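Subject: Handing over a structure

Hi,

Here is the structure I promised to pass on.

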Amino acid sequence: MNKVGVITKVDDDKAVVMMVSSKTCGDCSCSTLTKIHHAKSCEYGKKYLIVQNTINAKVGDPVNLEFKTTKMLKASLVLYILPLIIMVVGILISNKLQGKNPSDIISFISGITALVVSYAMLSSFDKKEDRENLIKLSKFRGY
C-alpha cells in the first residue's frame, strides 16, 4: 500500500509526515496504523505519522510512504484477533475449572481479565517491536 504525504517537521533522523485520508479508508484512515505506529489522530481528514527520515527530506517536501502490507496485516491480526482469542480461551478455561454448573459472572470476569492481560502483554511487546520497518519513506515521483 502506498500513500503520498508531506513532511511537516524534521527532528534529527525522524520526520513527521502529514497524510490526507482517502475515501476508501473511511472517516479516519488506517486505524491500525494509528495504534501500531503511534500516529496522531485525524485532524480534518489528515493523519500525522512519525517515520525514519532515511532520505533526508526537508519540511514541505512531498514524499511517498510505502507500507509493508504483510507486516501491516500481521500487526492487525495481533492487535485485533489475538486478544479476542485469548479472551475466549480465558472463558473456556474458567468454565472447565468450575465444573458442571459454571457461573456466568465468574466466566465473564475471567474473560475480561484474560483480555486485560493480553493487552498488557501486547503493550510490553510493542515497546520491543521495531516499528521503523513498517513504513519506508521515498522521494515523491508523481502520481
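A quick word on naming before the tour: helices (H or I, at least four residues) and strands (E, at least two) are DSSP runs, numbered from the N terminus. With that in hand, the elements of the protein chain read β-β-α-β-β-β-α-α-β from the N terminus on, and the secondary structure comes to three helices and six strands.

Some ground rules. This is a predicted model, in which local features need pLDDT of at least 70 and side-chain atom pairs count only at pLDDT 80 or more, while totals for chains, interfaces and linings use all residues. Residues are numbered from 1 along each chain as its sequence is written, and side-chain values use heavy atoms, with hydrogens and water left out.

**The chain overall**

Buried residues make up 31% of the 143 residues in the protein chain. Here buried means under 20% relative accessible area, exposed over 50%, and partly exposed in between (1.4 Å probe, protein chains only). The chain exposes about 9,500 Å², and carbon and sulfur atoms supply 62% of that. Accessible areas come from the Shrake-Rupley method with a 1.4 Å probe; for residues, only the protein chains shown count as cover. As for contacts (heavy atoms within 4.5 Å), take those between residues at least 6 apart in sequence: 73% of them join residues at least 24 apart.

**The strands**

Two strands count as paired if DSSP finds at least two bridges between them. Which strands does E1 pair with? One partner is E2: six bridges join E1 to E2, and they run antiparallel. Ile7 has Val17 in E2 as its bridge partner. Another is E5: strand E1 (residues 2-11) and strand E5 (residues 62-67) pair in the antiparallel sense over five bridges, with Val4 standing opposite Asn64 in E5.

Phe67 has Ile135 in E6 as its bridge partner.

Strand E2 (residues 14-20) is largely enclosed by the rest of the structure, because five of its seven residues are buried.

Asp12 has a positive phi of about 55 degrees although it is not a glycine. Most residues other than glycine have a negative phi. Asp12 is also exposed, with a relative accessible area of 75%.

Asn56, in the loop between E4 and E5, likewise is not a glycine and has a positive phi of about 55 degrees. Its relative accessibility is 59%, so Asn56 counts as exposed.

**The helical part**

An unreviewed UniProt entry carries the annotation "transmembrane region" for residues 77-93 and 105-122. UniProt positions are given in the numbering used here, feature names are shortened, and annotations may be inferred rather than shown by experiment. In the model, residues 77-93 are 100% helix and 0% strand, with the end C-alpha atoms 23 Å apart. Residues 105-122 are also 100% helix and 0% strand, and there the end C-alpha atoms lie 26 Å apart.

Leaving aside residues up to four places away in sequence, Ser94 touches Ile106, Ser107 and Ser110. The C-alpha atoms of Ser94 and Asp104, ten residues apart along the chain, are separated by 9.7 Å.

There is also a nonpolar patch on the surface, formed by Leu77, Tyr80, Ile81, Ile85, Val89, Ile93 and Leu97, with about 660 Å² of accessible area together. Patches are made of residues with over 30% relative accessible area and no salt bridge; like charges are joined within 9 Å, and nonpolar side chains (Val, Leu, Ile, Met, Phe, Trp, Tyr) within 5 Å. A salt bridge is a side-chain nitrogen of Lys or Arg within 4 Å of a carboxyl oxygen of Asp or Glu. Val89 is found in helix H2 and, at 39% relative accessibility, counts as partly exposed.

Over to you, and happy browsing!
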